[in-house]
Amino acid sequence: MSGREEDPVAAGSGRGAERTPQGGTVEQAKDACLRLLAVRARSRAELARRLAAKGYSVEVADIALDKLAEVGLVDDAAFAEEWVRSRHTYSGRGRHALARELRNKGVAASDAAPALDAIAGDDETDRATELVRRKLRTIPRDLERDKVIRRLVGMLARRGYSQATAFTVVKAELEQSGSTEEFAHE
């Protein structure tokens, strides 16, 4: 017999703790979610996965998540907005990478789209330009120009920038900085 199913103290028999047939109480599930949310914002799907991993039933998890959503602690649209702003600003992620990250976190496309649309094309280009300028400082000057372009475009592609944006930014930055003459030609 599992102590969690039989022991009323371990089950959270305190105030507001309705015992459920499987996986703990709604109050315990809410407390687990609050501990997770204290570390960082999370999507509803992330919280549901974590509760399932801790052994909470789907019914208990849904009730707990609904209660947290009622008071605004679980809001996928707000989560997506904050995630996009933070990851774009501090990690230099492009729209494609951010969309993939939100999908992996279980955020619905309808909640992710407004957050992704908040990144204007100019914002993305400006951030890509910053990344290219920073990377140009570390690239050896004796490297062939084509290799420099491939490295810079590849770096931007790995961060989720489209090929068109990557090529445009790299070529413009190489021309603007006069770096086209600095790098070795074949």
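## A buried serine

Leaving aside neighbours within four places in sequence, Ser43 is in contact (heavy atoms within 4.5 Å) with Asp76, Phe79, Lys105 and Val107. Ser43 sits in the loop between α2 (26–39) and α3 (44–53); helices here are DSSP runs of H or I with at least four residues, numbered from the N terminus. With a relative accessible area of 0%, Ser43 is buried, a word used for values under 20% (1.4 Å probe, protein chains only).

## Basis of the model

This is a predicted model, in which local features need pLDDT of at least 70 and side-chain atom pairs count only at pLDDT 80 or more, while totals for chains, interfaces and linings use all residues. Residues are numbered from 1 along each chain as its sequence is written, and side-chain values use heavy atoms, with hydrogens and water left out.

## The chain as a whole

The chain has 11 helices and zero strands. Of its 186 residues, 40% count as buried. Among contacts in the chain with a separation of 6 or more, 62% join residues 24 or more positions apart.

## A positive patch

On the surface, Lys135, Lys147, Arg150, Arg151 and Arg158 form a patch of positive charge. Such a patch takes residues with over 30% relative accessible area and no salt bridge, like charges being joined within 9 Å; a salt bridge is a side-chain nitrogen of Lys or Arg within 4 Å of a carboxyl oxygen of Asp or Glu.

Helix α9 (residues 145–158) gives the most to this patch, with four residues. Lys147 is in helix α9 and is partly exposed at 37% relative accessibility, between the 20% and 50% limits.

Technical notes: Helix = DSSP H or I, 4+ residues; strand = E, 2+ residues; numbered from the N terminus. Patch = residues over 30% accessible without salt bridge, like charges linked within 9 Å, V, L, I, M, F, W, Y side chains within 5 Å. Areas by Shrake-Rupley, 256 points an atom, 1.4 Å probe, with all protein chains shown as cover. Lys, Arg positive; Asp, Glu negative; His and termini not counted. Charge placed at Lys NZ, Arg CZ, Asp CG, Glu CD.
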